[in-house]
There are 2 protein chains.
Amino acid sequence: MSQKHNIEDIAHLAGVSRGTVSRVLNHHPAVSDDTRQKVLEVIERLNYRPNFSARHMRTDNSNMVGFGLIADEVITTPYAVDMIRGAQEALWAQGKVMLVVNAGYNAEMTQASLEALLERRVEGIIYAAMFHRPVELPQSAGQVPIVLTNCFVEDRSLPSVVPDEVAGGYAATKHLLSKGHRRIGFINLGDPERNVPPPLPASNGRLAGYKQALAEYDIPFDPELLCYTKQTPEDNYRLARQILELPNRPTAVFCGNDRTALGCYGALSDLGLRVPDDVAVVGFDNFIDISGGTWPPLTTVQLPHYEMGRWAVEYILSGQAASGEPVQHLANCPLIIRESA
Amino acid sequence: MSQKHNIEDIAHLAGVSRGTVSRVLNHHPAVSDDTRQKVLEVIERLNYRPNFSARHMRTDNSNMVGFGLIADEVITTPYAVDMIRGAQEALWAQGKVMLVVNAGYNAEMTQASLEALLERRVEGIIYAAMFHRPVELPQSAGQVPIVLTNCFVEDRSLPSVVPDEVAGGYAATKHLLSKGHRRIGFINLGDPERNVPPPLPASNGRLAGYKQALAEYDIPFDPELLCYTKQTPEDNYRLARQILELPNRPTAVFCGNDRTALGCYGALSDLGLRVPDDVAVVGFDNFIDISGGTWPPLTTVQLPHYEMGRWAVEYILSGQAASGEPVQHLANCPLIIRESA
């Protein structure tokens, strides 16, 4: 294995950033074919191989220190596995392994998990939440650089990265508007009994984005078209039917997440309505096993778990988490267009 | 917090096993209401609180040692998060935290992950695979007790726990037979071009179970009713339609996994057929975000990820992984009856 060249050499010769080289090495999709080709040619020319061997990791102490991720149930929910992948691929590009512990059960376990990582001399900690929300952390969290992922502390005293929910809700609604839809139902996440969004960034933000897009098209907000689901299959189905059986039926439904879209598909099937010809459907999450599995495949908004994981690692490795002002970075939620809208 | 009593005291006074007490403490579903009540009464009477504090973990070295799980991509696939939960809850009941590393990328990373765990003095290692298959491990894997989860080494020289695929395929088919179905389509996992199952325990085993159940009802196996999907949404939809448009249409379809069932739901909707009245559907995996999200909710077979994770930990903690003959434990795949069959 050639050890003469490093990732900076590749970046320099290919005329790209170090991050781009990392992404090529890690088969990250967000690299154009041209760029990928250019980087791979340099890699081949230099006979470069990433310096990842276990022997290297053992002898070089600076790389030996792991990297901790405390997952507030995140590890046991399928939605957020991309966050772990994003963080780990960014680390692995530097020859570092990540230790993951799950603190999802209670405050004692969070404390124990944190101690377990600190005692193993991690150089940074990512604290990840299952859904976008405020969290409270033990005092000892401040001993090493930390970034909160998919969550934040109320006083914003620690850096965090969270989805740009407003932009996501806007993108979904704008897409439907641009396709000519003017009556767009919205099954938001919340409590069907209380007709207001819960105090959660996902519900509030997506609703704000929905309203913002409607306003841009001079369409007045119609409260009849908005409802809230607790996300049980029964709720999702029932509320979808309620909206679809309005006398003046909407031609499109924006579903608060991909599971809600499953209930909406069921209601449409029972009503004999086709997706997207009769009613267009957009989801949220891009939870691939649903959105890439339904028929027709679901147009949805991507929760940027991969990007958030990567951003958190890069922010720590850059030294900013230790020394800079705490920021809250909003990660983009891109629209993924498939066939349902 | 009372430290006078331990989990053995609870078990003794409640007249149950230590494992049952653990399960009650961990809110595991596999405990009857009566037993749970009995255990909780003893816990309340003794004012017992599990001895989980971080302080305890730090001062007692025997509990300080973490527990490693190397995940062959498992951590980045939503299907297997229950495996991590099962392992961790079994450990947490003993005040132990689990370190998880992801080795999913290549042999070098597997080696590096293994070294990272060994150097952190873990007392045992679980090696988990994303799907049920044979694996190869680095030599150094033998330095601490190890259990392979959802995988095995070809020569069976290491203990492993895997799903009982045959029993799962049998349970799905038997359920449909018991409901009166006699023509049962089977969309198995594999390659549509080659009309044989791939050499994977999931495909082979479930097919064997399907045939076994048919034989029990004296129904000859009809190759026309069997097809294979690569699990793309297009494949799933197309193959479901192919089976559903046979001149002598089956009244039930057994889908090789829950994603396949999504394509089958789409085909049934397009054909104007109702689930389960016109055609019954059974899935496999019990991937809750699909099976508990579809309308109607999906009857399916549970992949026993939680049980496998728990079994692996308990086998190591019991000392058998270190000292006993290597076994292959088959974990039961129970049928989860919802509304689609």
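User: What percentage of the 341 residues in chain A is buried?
Analyst: Bear in mind that this is a predicted model, so local features need pLDDT of at least 70 and side-chain atom pairs count only at pLDDT 80 or more, while totals for chains, interfaces and linings use all residues. Residues are numbered from 1 along each chain as its sequence is written, with chains lettered from A and ligands numbered from 1 in the order in which they are written. A residue is called buried if 20 or more other C-beta atoms lie within 10 Å of its own, exposed if 12 or fewer, and partly exposed in between, with C-beta atoms placed from the backbone. For chain A, the buried share of the 341 residues comes out at 55%.

User: How many helices and strands does chain A have?
Analyst: Helices here are DSSP runs of H or I with at least four residues, strands are runs of E with at least two, and both are numbered from the N terminus. For chain A the tally is 14 helices and 12 strands.

User: Of the chain A contacts with a separation of 6 or more, what percentage joins residues 24 or more positions apart?
Analyst: A contact means two residues whose C-beta atoms, placed from the backbone, lie within 7 Å. Taking the chain A contacts with a separation of 6 or more, the share from residues 24 or more positions apart is 71%.

User: What distance separates the centres of domain 1 and domain 3 of chain A?
Analyst: The bounds come from an automatic or database domain assignment. That assignment puts domain 1 at 7–40, domain 2 at 62–163 + 306–332 and domain 3 at 165–301. Taken over C-alpha atoms, the centres of domain 1 and domain 3 of chain A are separated by 38 Å.

User: Which term describes how α6(A) is set against α13(A)?
Analyst: Helix α6 (residues 81–92) of chain A packs on helix α13 (residues 305–317) of chain A with axes 6 Å apart and an angle of about 40°; axes are lines fitted to C-alpha atoms, for helices over the stretch in contact, and angles run from 0 to 180 degrees between N-to-C directions. Angles under 35 degrees count as roughly parallel, over 145 as roughly antiparallel, 65 to 115 as roughly perpendicular and the rest as oblique. So α6(A) is, relative to α13(A), oblique.

User: Which handedness does the crossing of α6(A) and α13(A) have?
Analyst: If the near helix is turned anticlockwise from the far one by less than a right angle, the crossing is left-handed, and if clockwise, right-handed. For α6(A) passing α13(A), the crossing is right-handed.

User: How do the residues of the contact of α6(A) with α13(A) divide by class?
Analyst: The contact includes A:Met83, A:Ile84 and A:Leu91 from α6(A), and A:Tyr306, A:Met308 and A:Val313 from α13(A). Ala, Val, Leu, Ile, Met, Phe, Trp, Tyr, Cys and Pro count as nonpolar, Asp, Glu, Lys and Arg as charged, and the others, Gly among them, as polar. The residues of this contact divide into nine nonpolar, three polar and six charged.

User: Over in chain B, at roughly what angle do α6 and α13 cross?
Analyst: The crossing of α6(B) and α13(B) is right-handed. The axes of α6 (residues 81–92) and α13 (residues 305–317) of chain B come within 6 Å, and the crossing angle is roughly 40°.

User: Which residue does A:Val275 join through a cis peptide bond?
Analyst: Look in the loop between α11 (258–270) and β9 (280–282) of chain A, where A:Pro276 is found. With omega about 0°, the cis bond runs from A:Val275 to A:Pro276.

User: What is omega near for the cis bond from A:Trp295 to A:Pro296?
Analyst: A:Pro296 sits in the loop between α12 (288–291) and β10 (300–301) of chain A. For the cis peptide bond from A:Trp295 to A:Pro296, omega is near -5°.

User: Is A:Asn150 buried or exposed?
Analyst: A:Asn150 lies in strand β4 (residues 146–152) of chain A, and its phi is near 65°, positive in a residue other than glycine. Because 31 other C-beta atoms lie within 10 Å, A:Asn150 is buried.

User: And A:Asp218, buried or exposed?
Analyst: A:Asp218 also isn't glycine, and its phi is positive, near 55°. Its place is in the loop between α9 (201–216) and β7 (226–229) of chain A. With 6 other C-beta atoms within 10 Å, A:Asp218 is exposed.

User: What C-alpha distance separates A:Asp235 and A:Pro192?
Analyst: A:Asp235 is part of helix α10 (residues 233–244) of chain A and is partly exposed, with 18 C-beta neighbours inside 10 Å. Residues that A:Asp235 touches include A:Pro192. The two are 43 residues apart in sequence, and C-alpha to C-alpha they are separated by 8.2 Å.

Note on methods
Lists of a residue's contacts leave out its neighbours within four places in sequence.
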